[in-house]
Amino acid sequence: MVAEMNGKIGGKSLHWAELGFEYIRTDARFSARWREGEWSEGELLASEIMPLHEGSPALHYAQQCFEGLKAQCARDGRVLLFRPELNADRMREAAGRLLMPVVSEALFLRGVEAAVQANREWIPPFGSGASLYVRPMLIGVGDNLGLRPAREFEFRVFVSPVGPYYKQAGLAPISLAVSEMDRAAPRGTGSFKIGANYAGGLLATQCAQRQGANEALYLDAVEQRYIDEAGSANILVVLRDGSLVTPASAAVLPSVTRRSIMRLAADRLGMVTAERPIDLRAEFDDFVEMGACGTAAVLSPINRIWFDDAWHAVNPGQSGGKGSDAGVGPVMQELYDLLTGIQQGEISENYGWIHEVHLS
Ligand SMILES: Cc1ncc(COP(=O)(O)O)c(C=O)c1O
């Protein structure tokens, strides 16, 4: 157990603007245990090392799920989470799918807030371009051999200050390579945030990177035709008719960022939006802008895709209109500014998306 800590926000002297997306050990993590049908109160622990039974179902049968969200420091010093209730919902769905006990929204938020509060010195200051990544996880632990659910579980939340997920800082274009491997089957587990989906993606990501892309792009597993998603982000496309579309697929993770951007595009930019199957080859010439979105990726414009043995530029005529940087289209720029402005408390919203973590 660690004592409550009272340092000031950003008190650690890190080079915030130079952070990448790497694990940095912070002072405390929240841990609660489920035994005999009940969750413990939970506590803050100093050690990042988890003693685990070698028979733990999380290790053998991937009985585990996780979440990812960010705490950001606003200009006035408030610490803000973005729609954490949706992460709690998603963890509840994953727990149900993998026969794990439900982490209630109250326990989820208590764990997230406790981990953020105890590590206030690790919260990057406003304007640094960095944020505090929060990683809640639920894992099946304890002795076991056969394929059956664990009898004990741990809900843990650790945090780490992070910079941009892709190497470039801010809004910079990335490239994707269509994977020859499938990520998820239509009635499989693709829509749940569970480790089992990601181990299989490691090789696909490596292949995409060997091709010179930042990440893999998965097409639907049945026809290899419709866009599913990228390795760690959902896909958004601005079409020639001015609409914003995103793939309808039962196999993709329901991204909190994507749901928020679709709403902002409709409400604030007056765009026509649709969630529908997107046929990559048949529709590619109509793509005016394309983006990958997620908590880690934020909103990264995609400027080229590798498929059918060649690179294909997204809207090669795009000259970079008003307010846009090289290869960053105006709609992606506007959506990025809106989203990050709301997340950092710079732009007001009346959806109730911002959840303040009180530090005292
Ligand atoms: C496979 C996958 N798709 C999409 C996303 C984006 O989801 P969110 O916006 O909730 O972070 C993530 C995670 O960040 C992911 O791992």
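1. How many residues of domain 1 are in contact with domain 2, and how many of domain 2 are in contact with domain 1? The structure is a predicted model, and in it 20 residues of domain 1 are in contact with 12 residues of domain 2. The side of domain 1 that touches domain 2 draws two or more residues from each of β4 (64-66), β5 (69-73), β6 (79-82) and α2. Of these elements, α2 gives the most, with 6 residues. By class, this side of domain 1 consists of 10 nonpolar, 4 polar and 6 charged residues.

2. The bounds of the two domains should be kept in view when the contact is inspected. The domain assignment of the chain places domain 1 at residues 16-162 and domain 2 at residues 174-343. Taken over C-alpha atoms, the centres of domain 1 and domain 2 are 26 Å apart.

3. Helix α2 (residues 84-97) also packs against helix α3 (residues 105-118), their axes coming within 9 Å and crossing at roughly 125°. With that angle, α2 is oblique to α3. The crossing of the two helices is right-handed. On the α2 side the contact is made by Pro-84, Glu-85, Ala-88 and Met-91, and on the α3 side by Glu-105, Phe-108, Leu-109 and Val-112. The class count for this contact is 6 nonpolar and 2 charged residues, with no polar ones.

4. As α6 passes α8, the crossing is right-handed. The contact involves Ser-260, Ile-261, Leu-264 and Ala-265 of α6, together with Leu-335, Leu-338 and Leu-339 of α8. By class it holds 6 nonpolar residues and 1 polar residue, and no charged residues.

5. The ligand site brings helix α6 back into the account. Which element gives the largest share of the shell around the ligand? That share, 3 residues, comes from helix α6 (residues 256-267). Of the 13 residues around the ligand, those that come nearest are Ser-255, Val-256, Thr-257, Gly-294 and Thr-295. The shell comprises 4 nonpolar, 7 polar and 2 charged residues.

Methods: Residues numbered from 1 in each chain as written. Predicted model: local features only at pLDDT ≥ 70, side-chain atom pairs only at ≥ 80, totals over all residues. Near = placed C-beta within 6 Å. Helix = DSSP H or I, 4+ residues; strand = E, 2+ residues; numbered from the N terminus. Nonpolar A, V, L, I, M, F, W, Y, C, P; charged D, E, K, R; others polar. Axes fitted to C-alpha atoms, helices over the stretch in contact; angles between N-to-C directions. Parallel < 35°, antiparallel > 145°, perpendicular 65-115°, else oblique. Left-handed = near helix turned anticlockwise from the far one by under 90°. Contact = placed C-beta atoms within 7 Å. Domains from an automatic or database assignment.
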